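Trainee: Before we start, could you take me through the reading of this model one feature at a time?

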Amino acid sequence: MNTAIGLLETKGLVGLVEATDAMAKAANVKILKRISIGNAYVATVVQGDVGSVRAAVEAGATAAQQVGELVASHVIPRPADSLVAAFFS
């Protein structure tokens, strides 16, 4: 399978919850992890096929901007196995 991971970072939990909900509803992705970065910065990581992850991150970014502060979003197609194991297991 051609897998990808998508990352979405917000300032504030409300924006992240809204974004994560939008990502889960927009495409067939698995929510891997929520990460608290500090100083109100939080992130969600999703995994799935490349097209689904791209659609999910786009939907999540739009939702986060509507109710909070989107900091960054990014899709990594075909991440190295060691990257996923090191950061998201």
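Trainee: Which strand does strand β2 pair with, in what sense, and over how many bridges?

Mentor: First, a caution: this is a predicted model, in which local features need pLDDT of at least 70, side-chain atom pairs count only at pLDDT 80 or more, and totals for chains, interfaces and linings use all residues. Residues are numbered from 1 along each chain as its sequence is written, and side-chain values use heavy atoms, with hydrogens and water left out. Helices (H or I, at least four residues) and strands (E, at least two) are DSSP runs numbered from the N terminus, and two strands pair if DSSP finds at least two bridges between them. Here β2 (residues 30–38) pairs with β3 in the antiparallel sense over 7 bridges, with Lys 30 having Gln 47 of β3 as its bridge partner and Gly 38 standing opposite Tyr 41.

Trainee: How many residues lie between β2 and β3 in their hairpin?

Mentor: The hairpin has 2 residues between its strands, and Asn 39 in the turn has a positive phi of about 55°. On β3 (residues 41–49) there is also an antiparallel pairing with β1 (residues 3–11), over 9 bridges, in which Lys 11 stands opposite Tyr 41.

Trainee: How should I read the packing of α1 and α2?

Mentor: Two packed helices are described by the angle between their axes and the distance between the axes. Axes are lines fitted to C-alpha atoms, for helices over the stretch in contact, with angles from 0 to 180 degrees between N-to-C directions. For α1 and α2 the angle is about 150° and the axes are 7 Å apart. Their contact (heavy atoms within 4.5 Å) brings residues of α1, including Val 14, Ala 19 and Met 23, to residues of α2, among them Ala 56, Gly 60 and Val 67. The residues of this contact divide into 12 nonpolar, 2 polar and 1 charged, where Ala, Val, Leu, Ile, Met, Phe, Trp, Tyr, Cys and Pro count as nonpolar, Asp, Glu, Lys and Arg as charged, and the others, Gly among them, as polar.

Trainee: Is Ser 52 buried or exposed?

Mentor: Buried means under 20% relative accessible area, exposed over 50%, and partly exposed in between, with a 1.4 Å probe and protein chains only. Ser 52 has a relative accessible area of 14%, so Ser 52 is buried. This residue is found in α2 (residues 50–67) and, leaving aside neighbours within four places in sequence, is in contact with Ala 27, Asn 28 and Val 29.
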